[in-house]
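Subject: Structure for you to look at

Hello,

Here is the structure I said I would pass on. My notes on it follow below.

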Amino acid sequence: MTDFISSPYSLSSQELKVIKNSFDNHTDWDKSCFDGIKVSLKDDLRPKQGNLCCYCKWKLGFDIKQVDIEHIVPKSEYSKFTFHPKNLALSCPGCNTNKSNLPVLHRTITNYPRAGTNLTIVHPYFDKYSEHIEIHDGAIYEGLSAKGCETIKLCKLFRLKKVLEKKKETQSESSPIAKLVADLNNASDAEKMQIIQALGIQTNQFQGV
Ligand SMILES: [Zn+2]
């Protein structure tokens with residue numbers, strides 16, 4: 001697991017020009033003229049983040065709907081940081097939606113922070129994730145610090161326990177044993193005899209572990 005993003009995306013002079021010419025405030029983020037920058041940004045950050053969401057550390061999908069460019073400090077609150085490279089990280093849509101534009105700063109700022117001290121949540125560039133959050137069994141989040149707890153709360157990371165449970169349920173439904181039980185229930189008497197005989201042979205051969 002990547003503990004933090006080692007370096008931000010570096011905007012090219014061409015990209016800076018596009019931003020300068022077409023960006024006025026945060027509502028411009030969705031303009032199509034920024035599509036190219038977003039693609040490059042995702043390509044750059046994906047490997048740096050080990051293809052994991054910066055908050056929940058679940059795998060990011062490759063479909064456009066399965067990965068978001070997340071503004072760590074909400075762009076609605078600080079328009080001027082909309083394209084600040086250290087304010088941009090990749091997250092899953094679930095974390096992005098839950099975090100939304102909730103405040104993440106202790107004090108208001110003029111310049112973009114250079115360390116994580118003023119942040120109430122884990123900052124993917126400034127903080128080491130493992131110092132703030134421990135993940136048990138892939139979906140149970142334990143806050144190790146105030147920042148860790150706040151990140152869990154804001155992104156509603158407890159939601160993932162349910163997702164994992166559902167996933168396990170579906171997997172067990174399609175397991176060979178579940179299939180065998182279902183086959184047995186649906187079989188005719190003659191087929192049931194065949195299955196039972198086959199199982200008997202297997203049982204006799206089974207030496208245990
Ligand atoms: Zn996430």
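Which domains does the domain assignment of the chain give? There are two entries: domain 1 covers 13-164 and domain 2 covers 175-205. Please keep in mind that this is a predicted model. The centres of domain 1 and domain 2, taken over C-alpha atoms, are 51 Å apart.

On overall shape, the C-alpha trace of the chain spans about 75 × 40 × 25 Å along its principal axes. The radius of gyration is 24 Å, whereas a compact globule of 209 residues would have one near 17 Å. Of those 209 residues, 25% count as buried. Among contacts with a separation of 6 or more, 57% are between residues 24 or more positions apart.

The chain contains eight helices and four strands. Read from the N terminus, their order is α-α-β-β-α-α-β-β-α-α-α-α.

I looked at helix 2 in some detail. Helix 2 runs over residues 35-48, and its 14 residues reach 20 Å from the first C-alpha to the last, close to the 20 Å expected at 1.5 Å a residue. Its buried residues are Ile37, Leu41 and Leu45. These three lie on the same side of helix 2 because they cover an arc of only 45° around the axis. That buried set packs against helix 1 (13-22), strand 1 (68-71) and strand 2 (88-91). The face turned away from the buried side carries the exposed residues Asp35, Gly36, Val39, Asp43 and Pro47. After helix 2 comes Gly50, with a positive phi near 60°.

Regards

Definitions and conventions. Residues are numbered from 1 along each chain as its sequence is written. This is a predicted model: local features need pLDDT of at least 70, side-chain atom pairs count only at pLDDT 80 or more; totals for chains, interfaces and linings use all residues. Domain bounds come from an automatic or database domain assignment. Helices (H or I, at least four residues) and strands (E, at least two) are DSSP runs, numbered from the N terminus. The radius of gyration is taken over C-alpha atoms; the globule rule is 2.2 Å times the number of residues to the power 0.38. A residue is buried if 20 or more other C-beta atoms lie within 10 Å of its own, exposed if 12 or fewer, and partly exposed in between; C-beta atoms are placed from the backbone. Two residues are in contact if their C-beta atoms, placed from the backbone, lie within 7 Å. The expected span of a helix is 1.5 Å times one less than its number of residues. The arc is that of the directions from the helix axis to the C-beta atoms.
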